[in-house]
Amino acid sequence: IINPDQVRAQVEGNLAWGLSMVLMDDLPVEEGAVAAASFADAPIPRMSDLPPIVVDLVETDAPPAGAGETAIAAAPGAIANAVRAATGIRPRRFPLRPADFALA
């Protein structure tokens, strides 16, 4: 790890992005065009929306490589598995919406 603080920041940012895709990203589209005029119309998470994040870095002899990509890919699967465990319903699309879990 060349710059641990930079790696932690990259992992935190990608984890926030992954969580956002699953829980709140819902870019409004009207008549085939993006209807959002600002981030207020297409919310992204603020740090206050996120739980505390702890990034543990593991030293290795391997050459430096990417770091944050794993976090963005892991977030949707982790949340989908937690939802399945809690409700028995397997999410099939993101973002998750309460209506997707209405029990018939």
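**View 1. Proline 95 and its cis peptide bond.** In this predicted model, proline 95 sits in the segment that follows α2. The bond to look for here is the one between phenylalanine 94 and proline 95: it's a cis peptide bond, with omega at about 0°.

**View 2. Glutamate 31, between two strands.** Here we're in the loop that runs between β1 (29-30) and β2, where glutamate 31 is found. Check the backbone: phi is positive for glutamate 31, about 50°, even though this residue is not a glycine. Is glutamate 31 buried or exposed? Its relative accessibility is 87%, so glutamate 31 counts as exposed, the cut-off for that label being over 50%.

**View 3. Helix α1 against helix α2.** This one shows α1 (residues 4-23) and α2 (residues 69-87), whose axes come within 7 Å of each other and cross at roughly 35°. As for handedness, the α1 and α2 crossing is right-handed. On the α1 side, the contact is made by Gln10, Val11, Asn14, Leu15, Trp17, Gly18, Leu19, Met21, Val22 and Leu23. Facing them from α2 are Glu69, Ala71, Ile72, Ala75, Pro76 and Ile79. Sorted by class, the residues in this α1 with α2 contact come out as 12 nonpolar, 3 polar and 1 charged.

**View 4. Asparagine 14 up close.** Staying with helix α1, we zoom in on asparagine 14, which is placed in that helix. Which residues does asparagine 14 touch, leaving aside its neighbours within four places in sequence? With those set aside, the contacts of asparagine 14 are Gly68, Ala71 and Ile72. Asparagine 14 counts as buried because its relative accessibility is 14%, and the label applies under 20%.

**View 5. Arginine 46, out in a loop.** Arginine 46 belongs to the loop between β2 (33-34) and α2. With 60% relative accessibility, arginine 46 counts as exposed.

**View 6. The largest pocket.** How much space lies in the largest pocket? About 410 Å³. Its lining takes in 18 residues, and the closest to the pocket centre are Ile1, Val7, Ala65, Gly66 and Ala67. Split by class, the lining has 11 nonpolar, 5 polar and 2 charged residues.

Key. Residues are numbered from 1 along each chain as its sequence is written. This is a predicted model: local features need pLDDT of at least 70, side-chain atom pairs count only at pLDDT 80 or more; totals for chains, interfaces and linings use all residues. Side-chain values use heavy atoms; hydrogens and water are left out. On a 1 Å grid over the protein atoms alone, a cavity is a set of points where a 1.4 Å probe fits but cannot get out, and a pocket is an open set with protein on both sides within 12 Å along at least five of seven lines; lining residues have an atom within 4 Å of a point. Grid points are joined across faces, edges and corners, and a volume is the space filled by probe spheres set on the points. Ala, Val, Leu, Ile, Met, Phe, Trp, Tyr, Cys and Pro count as nonpolar, Asp, Glu, Lys and Arg as charged, and the others, Gly among them, as polar. Axes are lines fitted to C-alpha atoms, for helices over the stretch in contact, and angles run from 0 to 180 degrees between N-to-C directions. Helices (H or I, at least four residues) and strands (E, at least two) are DSSP runs, numbered from the N terminus. A crossing is left-handed if the near helix is turned anticlockwise from the far one by less than a right angle, and right-handed if clockwise. Contact means heavy atoms within 4.5 Å. Buried means under 20% relative accessible area, exposed over 50%, partly exposed in between (1.4 Å probe, protein chains only).
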